[in-house]
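Please open the model in a viewer and keep the selection panel at hand.

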Amino acid sequence: MANLKDLPPDDRPREKLITKGVQSLSDAELLAILLRTGTKGINAVEIARNLLKNFKDLSVLSIQTFDSLKNQHGIGKDKAATLLAAFELGRRIDAKRRWRSDKKIVSPSDIAEYMIPLLRDEVKEKFYVVCLSSSNKIIKEYHLISEGSLNSSVVHPREVFKVAIESNSASIILVHNHPSGNSEPSREDIQLTKRMIDAGKLLNIKVLDHLIIAGNNYTSLVEKRLV
């Protein structure tokens, strides 16, 4: 395939973006701008097309690891790092946009809507607390309490309620992920939730629920009547 510099200006991704707008670019062309350059015998657009072909689509490509990307033809350490950074920015923007809402939290699905984009691609278990006002609106954002190994996370009521007290919370919702892809709560998850509920009663801060996120799915311990 021709070098991008040899193509007509309207066919070069950067020039096309400037003259026709970013929406006019294909997924491959957008990726090519991030990749910047090609390699011997193949330009950046062709590398991008191969990536999309190898990983089926953009959504699958966006959750690849550094090593997985680095081993693709035409992708070295710098290009892999650039792609990972761009995908992570997209996820964070998506999550932040949701958190700016002044929506009242009335069901587990409301919190799941906020937390799934944040946690669905995590490979480590992370435990968050979401603080709510007396009108059930989110105070600021989520708070990371603990980041554990692939299979477990150590959480103490002290850290959870320290955040809740500092935020002047009326209630809290606990959220953590299962990287295994199974959102069913473990015995330890249930025991931990009960311990948090008991601690909250002493401090007059109600624990409304505990959500477990796995991919795009979630389980609410309250909906399951496990607490």
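This is a predicted model: local features need pLDDT of at least 70, side-chain atom pairs count only at pLDDT 80 or more; totals for chains, interfaces and linings use all residues.

Begin by selecting E46, a residue of helix α3; helices (H or I, at least four residues) and strands (E, at least two) are DSSP runs, numbered from the N terminus. E46 counts as partly exposed because its relative accessible area is 23%; buried means under 20% relative accessible area, exposed over 50%, and partly exposed in between (1.4 Å probe, protein chains only).

Residues are numbered from 1 along each chain as its sequence is written, and side-chain values use heavy atoms, with hydrogens and water left out.

**Helices α2 and α3**

Select α2 and α3 together. Two packed helices are described by the angle between their axes and the distance between the axes. Here the axes come within 8 Å and cross at roughly 120°; axes are lines fitted to C-alpha atoms, for helices over the stretch in contact, and angles run from 0 to 180 degrees between N-to-C directions. The two helices, α2 and α3, are therefore oblique to each other; angles under 35 degrees count as roughly parallel, over 145 as roughly antiparallel, 65 to 115 as roughly perpendicular, and the rest as oblique.

Which residues of α2 and α3 meet? On α2 they are D27, A28, L31, A32 and L35, and on α3 they are A44, V45, I47, A48, R49 and L52; contact means heavy atoms within 4.5 Å. By class, this contact of α2 with α3 has 9 nonpolar, no polar and 2 charged residues. In this classification, Ala, Val, Leu, Ile, Met, Phe, Trp, Tyr, Cys and Pro count as nonpolar, Asp, Glu, Lys and Arg as charged, and the others, Gly among them, as polar.

Leaving aside neighbours within four places in sequence, L35 is in contact with A44, I47, A48, I75, K79 and L83. Then move to R36, in the loop between α2 and α3. The phi of R36 is near 70°, a positive value in a residue other than glycine. Most residues other than glycine have a negative phi. R36 counts as exposed because its relative accessibility is 59%.

**The nonpolar core**

Select L31, L35, L51, L61, L69, I75 and L83, the residues with the most contacts inside the largest nonpolar core, which has 20 residues. A nonpolar core is a set of buried Ala, Val, Leu, Ile, Met, Phe, Trp, Tyr and Cys residues joined through side-chain atoms within 4.5 Å. At least two residues of this core are supplied by each of α2 (27–35), α3 (44–54) and α6 (77–99). The largest share, 6 residues, comes from α3.

**Helices α1 and α2**

Show helix α1 (residues 13–20) beside α2: the pair packs at an angle of about 115°, with axes 9 Å apart. P13, R14, K16 and L17 in α1 meet E29, A32 and I33 in α2. The residues of this contact divide into 4 nonpolar, no polar and 3 charged.

**Helices α8 and α9**

Turn to helix α8 (residues 157–166) and helix α9 (residues 187–203), which pack at an angle of about 45° with their axes 10 Å apart. That angle makes α8 oblique to α9. From α8, P157, V160, F161 and I165 meet R195, M196, A199, G200 and L203 of α9. This contact has 7 nonpolar, 1 polar and 1 charged residues.

Continue to N168, in the loop between α8 and β3 (171–177). Its phi is near 55°, a positive value in a residue other than glycine. Is N168 buried or exposed? N168 counts as exposed, because its relative accessibility is 67%.

**Strand β3**

Finish at V175, which lies in strand β3. V175 counts as buried because its relative accessibility is 0%. Leaving aside neighbours within four places in sequence, V175 is in contact with I111, M115, L119, K126, F127, Y128, V130, H210, L211 and I213.
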